[in-house]
Amino acid sequence: MHRITGRAGGDNLIEMSPTESFNDDINGYNQHASSSTGSFQQGQSASFLTPDVCVETCESLSASLASLASSDHSDSPQFEAQTLERISALTGLSRKRALFLKFRSRIDKQQQSKDSVFFRDGLRRIDFVLSYVDDKAGERKQERRRVYEANLAKVGLELETEDKSESEDGKTYFVKIHAPWEVLATYADVLKIKVPFKVNDIPDNTEMPMNWLSTPFRLPETIMHPEPDFFTAPFDKSKSDFFLIDDKETFFPPSNRNRIVYYILSRCSYLREECGDKDKKGIKRLLNNGTYTAAFPLHDCRYWKKSRDTHCESERYSLYKHWARFLFFFKEQPLNLVRKYYGEKIGIYFAWLGFYTEMLLFAAIVGTICFVYGVLTYDENEWSKEICSGEIGGKIVMCPLCDKKCGFWKLNSTCNSSWQSHLFDNVGTVFFAIFMGIWVTLFLELWKRRQARLEYEWDLVDFEEEQQQLQLRPEYETKCSNRKLNRITQEPEWVLSRTATDLLAKLFLCWATVILWISLIIACIIGVIAYRLAVYAAFASIMKDNPTSHLQVVGPYITPQLATSVTASCINFVIIMILNLMYERVAVWITDMEIPKTHLEYENKLTVKMFLFQFVNYYSSCFYVAFFKGKFVGYPGNYAYMFGRWSKLRNEECDPGGCLIELTTQLVIVMTGKQVWGNIQEALVPWLMNWWGSRKARKHPESIYSRWEQDNDLQSFGQLGLFYEYLEMVIQFGFITLFVASFPLAPLLALINNIIEVRVDAWKLTTQYRRPVAAKAHSIGAWEEILSGIAVLSVVTNAFIVAFTSDMIPRLVYMYAYHPDGEMNMKGYINNSLSMFNISAIPVANSPEEGENPAWFNSSITTCRYRDFRYPSGHEKQYSHTMQFWHILAAKLAFIIIMEHVVFMVKFFVAWMIPDVPSDVRARVKRERYLVQEYLHNYEVDKLKKQLTHNNCSNDCTCPPMIYPTLSKHEVLSECL
């Protein structure tokens with residue numbers, strides 16, 4: 001049977017040959033049929049039905065199928081003869097309907113596979129698929145589709161439509177698109193796609209010593225290097241015989257084919273030329289207005305088994321088998337295969353993520369060593385011993401931490417938190433902060449070298465300069481109304497005409513919106529701080545008699561400070577996630593409003609806006625705990641309040657052990673919470689949506705559940721799918737660099753998460769999402785500048801954390817300058833670090849209410865202690881800072897200056913020592929450029945000789961004096977149409 005699908009008057013029609021409908025060998029999905037019928041552009045004749053008849057046919061299919069199937073009990077010759085007699089007796093519509101249903105019943109019986117990536121002729125590859133649901137009332141949509149598909153045919157694309165009766169849900173039409181060689185060659189020339197012209201002859205001398213050690217981590221060579229290494233040059237249609245073209249059908253890989261087709265789809269108009277509305281074009285607008293429901297290239301097979309078709313590469317299966325399964329977490333990534341299947345942009349992301357994960361291994365090892373050092377020196381922690389001692393900490397009475405609801409308390413009640421703080425607040429922390437400042441420089445510099453190698457291997461050298469003009473966004477092109485001379489090419493180009501007022505107004509509106517949302521975040525953070533201040537008093541009142549002590553394991557560790565910090569961190573995390581969901585739409589909206597010129601410019605603008613918001617959203621609470629909490633408290637009788645005394649919200653104080661443990665708590669909750677939530681969002685949500693959407697279709701065999709229907713049921717990766725992956729990793733990078741001095745185990749948590757992240761991203765991309773349109777990118781874009789900015793800022797933040805959040809500097813000053821016996825130890829430090837205040841001088845507004853003080857407190861206790869360096873009452877400078885305070889402050893500032901200068905000097909030295917481009921890559925690039933020139937020269941000379949010989953014009957030749965002919969200039973599709 002040859003099924004011909006065309007369009008006439010907006011209707012989809014099916015025409016069959018009576019004899020062919022019963023031929024078992026020709027079934028419409030035979031992969032090696034020689035027929036090429038069924039294409040939109042071929043215009044083969046068929047007897048068309050009227051729209052009313054077509055509707056009647058569709059509505060009566062189910063009933064007719066039941067009646068036909070009830071008598072279909074055998075495949076015997078006698079039964080076949082009876083069936084033919086019955087059908088021959090029918091006429092008109094009834095006869096055609098019976099033939100069609102008989103054909104469908106035969107497909108069901110023989111289990112012929114529709115799991116194919118080819119047209120019905122088995123020869124032409126499906127490069128793209130459009131799907132839509134035909135709405136009877138949607139006449140405008142039908143007209144748009146008719147004009148749009150006609151324009152696609154004018155460009156040279158070949159279309160084949162699957163009727164809704166062939167789909168699983170009985171509602172969806174599928175338009176399959178094939179790009180023939182002429183179209184591919186034309187647009188490969190326009191897009192300057194690099195293709196091979198000579199096998200690479202430079203020997204690979206990258207063998208590493210003791211290479212056998214890496215054998216368990218390697219993948220098969222066919223997976224790691226699916227293609228030979230070639231020298232490449234931009235494709236030129238006029239010189240097609242210059243390139244290594246063995247087979248035109250397979251010369252351009254599927255990723256390049258779908259990229260070319262999407263380039264055309266994005267610029268093709270869906271209104272008639274006489275309408276004159278140049279804004280009405282592109283598949284993106286058709287998807288937004290519901291004309292089409294989806295547009296996507298096909299996966300080449302099911303991910304869990306190879307395709308039955310020997311002409312299909314089954315690369316999706318190879319990616320799933322060797323890359324997307326978690327059991328292969330220790331294996332290297334098949335980046336060349338990823339690039340071949342998904343394109344360079346996705347390949348660069350996974351290369352960066354894998355390299356980042358490898359580098360995290362070294363940071364995680366050093367961080368773990370520093371943490372182990374804290375554990376091993378646990379018993380040498382003299383100040384914690386004094387806090388926990390009944391003779392010292394048990395006799396020190398501390399002043400109330402809040403007004404009215406907080407009573408006096410003993411220092412030894414913070415025993416557990418002081419021990420916990422020592423695990424992270426020790427000499428090893430200072431070393432680790434300096435190490436991370438150097439590590440981040442090594443990471444960025446080594447990534448530049450890795451990126452340069454990928455640029456060469458993936459034919460991305462000079463990509464940005466060559467492709468800038470060809471990467472114009474269709475949304476920008478449709479708004480252009482004037483032409484302007486390009487200063488570089490000296491050729492006219494389309495430009496967007498904007499007045500200065502319009503430009504300034506849009507910039508003001510965009511950035512005013514960003515500032516407004518950042519202000520909203522700050523307001524939310526202030527609200528969380530107010531919560532901490534208000535709730536602390538409640539927790540202190542509830543826990544004054546230790547109601548949590550009966551809880552096993554965790555009971556003794558729960559304090560008002562811990563309870564406040566944990567609950568506030570959880571609330572802050574929820575606020576962060578809610579604001580993220582809201583701001584994402586706003587950021588996309590204001591970036592669209594700016595109308596960026598190129599895709600690269602669009603992504604960079606969106607990246608800056610999103611990262612500024614996310615930076616404030618995720619890190620503001622950590623900045624508060626690190627640099628503000630406990631720094632502006634005042635002293636008993638003269639406390640500082642958040643909104644003034646009327647608010648009664650007294651600023652928070654740090655534990656006698658310091659605020660570092662609270663910063664650690666905040667960091668762990670926000671960082672791990674984000675990672676867990678991100679993995680759930682990335683993996684579980686798409687899986688559930690796909691499971692629910694395809695729950696009925698999963699019952700069908702391959703003969704019914706076609707390849708395009710399977711992919712249509714998957715989730716769309718989206719234009720910004722990769723953007724959110726980068727954003728997630730860069731935010732994590734900020735956590736492990738900006739605040740790593742407070743939590744040396746942060747790189748270890750990030751390493752574990754990223755090992756999972758690589759496989760989760762690979763799994764969801766291979767199994768849960770439609771195949772993305774291939775796109776080129778020569779780097780990670782604006783994210784590289786953001787990472788460099790974070791690297792510089794991290795040196796400053798970690799220096800300030802060690803100086804002002806940690807108690808490291810005050811302890812060192814005490815040990816070297818203020819120890820009473822002149823010995824270098826920490827005995828007496830706690831008593832030295834606490835100032836004294838007369839209880840009788842505490843104002844009534846700050847005094848505890850009746851019943852809030854513990855049972856052991858009585859009138860014989862006349863003084864209380866607080867964390868500061870101030871003179872006691874009765875001193876001539878009472879309650880003013882002591883000289884030790886100023887010595888400590890000077891030591892802190894000196895430490896910051898010294899640490900920053902040392903780390904920055906090492907950073908700049910390392911950056912200078914490590915070249916951005918490896919020497920062998922530089923040599924290969926020069927070799928390739930030389931070969932391109934040499935081979936093109938020889939090619940043109942040979943071509944000229946042949947032309948001279950052919951024309952017999954040895955003496956009278958009037959050939960042009962130049963060797964290289966002028967290349968024909970191709971206009972983009974929007975200008976052609």
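**Ground rules**

The model is predicted, so I take local features only at pLDDT of at least 70 and side-chain atom pairs only at pLDDT 80 or more, while totals for chains, interfaces and linings use all residues. Residues are numbered from 1 along each chain as its sequence is written, and side-chain values use heavy atoms, with hydrogens and water left out.

**Overall look**

I started with the whole protein. I get 31 helices and 16 strands; these are DSSP runs, H or I of at least four residues for helices and E of at least two for strands, numbered from the N terminus. Of the 977 residues, 53% count as buried. For me buried means under 20% relative accessible area, exposed means over 50%, and partly exposed is in between, with a 1.4 Å probe and protein chains only.

The accessible surface comes to about 45,500 Å², and 60% of that belongs to carbon and sulfur atoms. Those areas come from the Shrake-Rupley method with a 1.4 Å probe, and for residues only the protein chains shown count as cover.

I also checked contacts (heavy atoms within 4.5 Å). Among those between residues at least 6 apart in sequence, 79% join residues at least 24 apart.

**Disulfides**

How many disulfides does a search of the whole structure find? It finds 3, taking a disulfide as a pair of cysteine sulfur atoms within 2.5 Å.

I looked at Cys-388 and Cys-415 to begin with; their sulfur atoms are 1.8 Å apart. This pair links distant parts of the chain, with Cys-388 in helix H14 (residues 382-388) and Cys-415 in helix H15 (residues 415-424), 27 residues apart. The S-S torsion of Cys-388 and Cys-415 is about 100°, so I noted the disulfide as right-handed. Cys-388 is partly exposed at 24% relative accessible area, whereas Cys-415 counts as buried at 17%.

Next I took Cys-399 and Cys-864, joined S to S at 1.9 Å. Where do the two partners lie in the chain? Cys-399 is in the loop between strand S9 (397-398) and strand S10 (409-410), and Cys-864 is in strand S16 (residues 863-867), 465 residues apart. The torsion about the S-S bond of Cys-399 and Cys-864 is about 80°, so this disulfide is right-handed. Both cysteines are buried.

Then came Cys-402 and Cys-406, with sulfur atoms 1.6 Å apart. Their link is right-handed, with 95° about the S-S bond. Cys-402 is buried at 7% relative accessible area, and Cys-406 is buried at 3%.

I looked up two further cysteines for burial. Cys-370 counts as buried at 6% relative accessibility, and Cys-622 is buried at 0%.

**Rings and charges**

The whole structure has 62 aromatic pairs. Rings of Phe, Tyr and Trp (its six-membered ring) pair if their centres lie within 6.5 Å; planes under 30 degrees apart are stacked, over 60 edge-to-face, and the rest tilted.

I picked out Tyr-619 and Phe-735. Their ring centres are 5.1 Å apart and their planes are at 85°, so the pair is edge-to-face. Tyr-619 is in helix H21 (residues 599-627) and Phe-735 in helix H24 (residues 721-738), 116 residues apart. Tyr-619 is buried at 0% relative accessible area, and Phe-735 counts as buried at 1%.

I then looked for charges over rings (NZ of Lys or CZ of Arg within 6 Å of the ring centre and within 35 degrees of the ring normal). The charged end of Lys-410 sits over the ring of Trp-856, 4.7 Å from its centre. The charged end of Arg-771 sits over the ring of Tyr-341, at 3.8 Å from its centre.

**Cores**

A nonpolar core is a set of buried Ala, Val, Leu, Ile, Met, Phe, Trp, Tyr and Cys residues joined through side-chain atoms within 4.5 Å. The largest has 127 residues, and those with the most contacts inside it include Trp-352, Tyr-356 and Phe-735. Helix H13 (residues 344-376) gives the largest share of this core, 15 residues.

Leaving aside neighbours within four places in sequence, Tyr-356 contacts several residues, among them Trp-439, Phe-443, Met-729 and Asn-754.

A second, separate core of 47 residues includes Leu-159, Tyr-187, Phe-235 and Phe-252.

**Helix H6**

Helix H6 (residues 181-190) is mostly covered, with 9 of its 10 residues buried. Tyr-187 is one of the buried residues in H6. Just after H6, Lys-192 takes a positive phi of about 55°.
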